[in-house]
Amino acid sequence: MSHEAPAVASPSFAGPSRDGSRVPFELFTRADVFAREQEAIFRGPVWNYVALEAELPEPCDFKTSFVGDTPIIVSRAEDGSLHAFVNRCAHRGATVQRQACGNARQHRCVYHQWAYNARGELVGVPYRRGVPGMGGYAADFDPKAHGLARLQVASHKGVIFASFSADTAPLEDYLDEPLIAAIDRLFSRPVKVLGHMRQRVRGNWKLYSENTRDPYHAALLHGFHATFGLYRTNQKRKGGSDRARAHSTGVTFGDDWRQASQSGNIGQDKFVTNYSLAAPSLLEGRPDFNDGVTVSITSIFPCLVIQQIMNTLATRHIRPKAADEFELYWTYFGYQDDDEQMTACRLKQANLVGPAGLISMEDSEAIELIQRAIVRDGREDSFLEFGGLHADLDQDRQGEATIRAFWRYYAGLMGLA
Amino acid sequence: MTGTASQAYDAIRALEYRYARLLDEDRLEEWPNLFVERGVYKVIPRENLDRQPALPIFFCDSQAMMMDRVKSLREANVYNLHYSRHVVSNIEILSARDGIFEVAACYTVYQTDLEGQTRLFSVGQYRDVIANGAGELRFQEKIAVCDTFNIPNLLAIPL
């Protein structure tokens with residue numbers, strides 16, 4: 001009997017429709033889908049955002065992060081090079097680094113004191129040669145074979161990505177031109193991290209990926225702009241995508257918000273009111289760029305969103321935890337040359353975004369509302385035809401074509417196409 | 001404790017309890033009145049204390065800004081339907097000078113959904129500056145430092 005490779009079992013779950021307009025609910029709920037995503041997507045041929053270089057500026061600085069649900073350490077070695085490795089001891093599997101961030105020449109496991117350097121290489125094993133009457137490893141024990149599992153690392157303009165797969169295209173090819181331009185715009189000057197925000201959402205991570213590729217909901221779910229006379233639906237939008245249609249980036253050219261409030265509000269009826277802010281200092285900033293863009297949202301498959309909303313700048317790292325849970329981890333930043341007034345302005349505008357954000361708090365609630373309702377009927381579909389079924393993302397600044405593109409790319413990686 | 005100090009403590013405790021009760025009774029419009037006009041309210045994730053100034057996730061530096069937040073919660077924002085329960089304990093006066101008190105307290109906030117299920121939503125510490133003016137105590141500053149800095153879903157009602 002010959003040994004044949006076992007046939008790859010065809011999945012017992014359904015995929016999105018070919019055009020991406022129908023998505024079975026079971027893709028958001030099933031543990032086996034989640035497990036396959038960890039292998040086929042997060043450990044597949046993609047670049048996962050893991051940290052900003054500004055979070056580890058000095059030699060031996062580190063930060064713990066995640067690739068999918070796998071805990072990792074992102075580290076800068078003595079020579080300044082960047083490294084990423086799984087935060088799991090090669091001996092018995094314990095978490096090695098327990099701090100969120102810090103500076104360490106060695107990462108030492110508390111269980112049996114195995115120690116690793118800033119590149120994840122094993123550099124210390126207690127009693128390796130044994131002591132009289134006890135323990136020790138064989139003479140051929142090779143520390144090089146027992147380092148922490150390493151990931152590929154690439155950084156563009158200080159945004160660090162990691163990949164488990166050796167087959168991943170070079171980072172700049174993976175991102176492609178419009179996305180590189182979007183990153184270059186926000187990271188053209190050295191950034192300064194101002195802090196973090198976290199929220200734990202009882203929903204599937206892909207619901208957030210959809211949310212950030214969905215201009216349809218913006219003025220319908222989020223009422224702050226319209227309520228205070230700050231939003232006009234005729235604001236000009238522009239967008240772009242990579243060739244593979246995995247990512248998306250979009251900008252909105254804003255009027256001056258205070259002018260908008262005086263010239264009348266033509267937003268959704270639901271929110272039309274005569275209110276104006278009693279404390280307009282919330283929105284008093286000065287433009288960071290001279291291009292007239294007030295909002296820029298860039299979604300990079302599978303787990304990164306980069307935002308500029310007025311003077312708020314942040315990366316949002318989607319960290320999946322289970323089929324029905326993810327963490328949204330915000331790294332909020334400014335520029336190193338910000339003066340005190342600009343920093344104060346960014347701290348005040350932080351009110352707009354994050355878990356208590358005046359213009360963003362609705363998103364996680366919408367996601368939880370979906371997750372709560374799709375407990376059964378897994379073969380019924382989410383319906384994505386707003387704006388028609390065309391695939392022209394440039395024409396579709398208000399429709400659902402960008403979400404459909406996400407699902408086609410997802411289906412390809414998952415073997416569901 | 002002298003009579004005066006004991007009276008001050010009682011008055012501070014009454015202010016803290018009133019703060020909790022107004023929020024739990026959904027009397028959000030009265031919440032800014034517990035602050036002085038230029039009062040400051042912040043919610044700061046504990047992990048952000050390492051950096052100064054610490055990044056808040058909720059920040060008002062005047063009564064007017066608090067009223068905007070309340071107006072937004074009432075008219076604009078969509079958030080999880082729930083009842084909140086603020087429990088304030090371990091109230092301690094850290095310093096008292098010229099009618100201004102530095103106060104630390106612990107808070108616990110529970111949320112109960114419309115199915116009657118309760119969860120611990122947030123626990124942390126209040127760091128307050130309370131001023132005595134015109135016979136009434138008000139917050140000059142109230143900072144809620146969240147131990148629970150991984151916010152379950154979202155934060156709408158002030159801590």
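Of the 159 residues in chain B, 35% are buried, a residue being buried if 20 or more other C-beta atoms lie within 10 Å of its own, exposed if 12 or fewer, and partly exposed in between, with C-beta atoms placed from the backbone. The model is predicted: local features need pLDDT of at least 70, side-chain atom pairs count only at pLDDT 80 or more, and totals for chains, interfaces and linings use all residues. Residues are numbered from 1 along each chain as its sequence is written, while chains are lettered from A and ligands numbered from 1 in the order in which they are written.

Chain B contains two helices and seven strands, where helices (H or I, at least four residues) and strands (E, at least two) are DSSP runs numbered from the N terminus. Their order from the N terminus is α-β-β-α-β-β-β-β-β. The radius of gyration of chain B, taken over C-alpha atoms, is 16 Å, close to the 15 Å given by the globule rule for 159 residues, so chain B is as compact as a globular protein of that length. The globule rule is 2.2 Å times the number of residues to the power 0.38. Along the principal axes, the C-alpha atoms of chain B fill a box of roughly 50 × 35 × 30 Å. Among the contacts in chain B with a separation of 6 or more, 58% are between residues 24 or more positions apart; two residues are in contact if their C-beta atoms, placed from the backbone, lie within 7 Å.

In soluble globular proteins, nonpolar side chains tend to be buried together. Leaving aside residues up to four places away in sequence, Val50(A) touches residues including Ile72(A), Val74(A) and Phe161(A).

The contact between the chains takes 36 residues from chain A and 33 from chain B. On the side of chain B, β1, β2, α2 (63-75) and β7 (150-152) each supply at least two residues, and α2(B) has the largest share, seven residues. By class, this side of chain B has 21 nonpolar, seven polar and five charged residues. Ala, Val, Leu, Ile, Met, Phe, Trp, Tyr, Cys and Pro count as nonpolar, Asp, Glu, Lys and Arg as charged, and the others, Gly among them, as polar.

Most residues other than glycine have a negative phi, and most peptide bonds are trans. A cis peptide bond joins Phe301(A) and Pro302(A), with omega about 0 degrees; Pro302(A) is in the loop between β15 (293-300) and β16 (304-309) of chain A. The bond from Gln52(B) to Pro53(B) is also cis, with omega near -5 degrees, and Pro53(B) is in the loop between β1 (35-45) and β2 (58-60) of chain B. Gln113(A) has a positive phi, near 65 degrees, and lies in the loop between β7 (106-108) and β8 (115-117) of chain A. Gln113(A) counts as exposed, with 12 C-beta neighbours inside 10 Å.
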